[in-house]
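Here is a short note for a colleague who is opening this entry for the first time. The points below are meant to be read beside the sequence and the model.

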Amino acid sequence: ACSQRRPVLNLEDVRDRVQRAIVESEDESRKDITDGPHATKDNRRGIYRDAYLLRLIEVIGKDHEMLRAYAGDDAFGAMARAYIACCPSSHPNARWVSRRLPEFLRKTDPYAGRPVLADLAALERALNDAFDGPDAPVLALADLAAIPPDAWPGLVFHAHPTAQCLYLASNAADIWTALKADSEPPEPQCDSSQTVLVWRHDATAMFRRLDAEEAMVWVEASRAASFGTLCEMLAAYDAPDTASARAAGYLKCWLDAGLLTAIGEDRLCGPAKTPR
């Protein structure tokens, strides 16, 4: 008698086909799903797909709580569905599912006509990134006490690895702050940009707005401009007589906020005598 062996199932292949069915509406997986006592295979596949979609929307909402609060649950749900359809998740970790949301909102109608939405998404993404970012020891004001005055012009300060500048096209930072405090947010304004510095201090991701002068100095400081160069920039920007004092004030503010991690030296200015 002849016997016919049943084909051996490759569970990894089945898993991949079912995943494609859920994520990409792949029809090939219909043969891997059977009819149940209470639902057809298509209904069962739809249940899995809907559950997956709802889970992604939930993740995006948790990553962007203030954006969801600003847009409203229904509008946010529609926005998240449109985003998932346009930018399907390609990473097994749900942490990264909303990485492209700011870009999507900035370029896709009807959201592109409301820059505050993309700005809120970008601000919350930056806060999430700062929270997950690497640790680093931070400098304190006492660490600078042993540096002689003649070495200061050549000092270079290294920014905390979680620090980043955001350039917002709206007053999204003010709106985020009001929403976080359960207050009525201000009306969106898209005719005045905001520069925001985001970083993590201890275990808390935070941000603050920078005026034009501090933003200029911070960007150059984070690019390893020496303290002497920063003073020269400030003198050219405004009020030369107070440039050094303003530079020292910014430096103290950054130290107090845990924004600086190490002292280096400008090779053009010679070695700086840093404390051990």
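1. A crossing counts as left-handed if the near helix is turned anticlockwise from the far one by less than a right angle, and as right-handed if clockwise; helices (H or I, at least four residues) and strands (E, at least two) are DSSP runs numbered from the N terminus. By that convention, the crossing of helix 6 and helix 7 is right-handed.

2. This is a predicted model, in which local features need pLDDT of at least 70 and side-chain atom pairs count only at pLDDT 80 or more, while totals for chains, interfaces and linings use all residues. Residues are numbered from 1 along each chain as its sequence is written, and side-chain values use heavy atoms, with hydrogens and water left out.

3. In helix 6 (residues 115-132), V116, D119, L120, L123, E124 and L127 meet A172, A173, I175 and W176 of helix 7 (residues 172-180), where contact means heavy atoms within 4.5 Å.

4. H64 is found in the loop between helix 2 (41-63) and helix 3 (65-71), and H64 is buried, with a relative accessible area of 1% (buried is under 20%, exposed over 50%, partly exposed in between, with a 1.4 Å probe and protein chains only). Beyond its neighbours within four places in sequence, H64 is in contact with residues including F76, L101 and E124.
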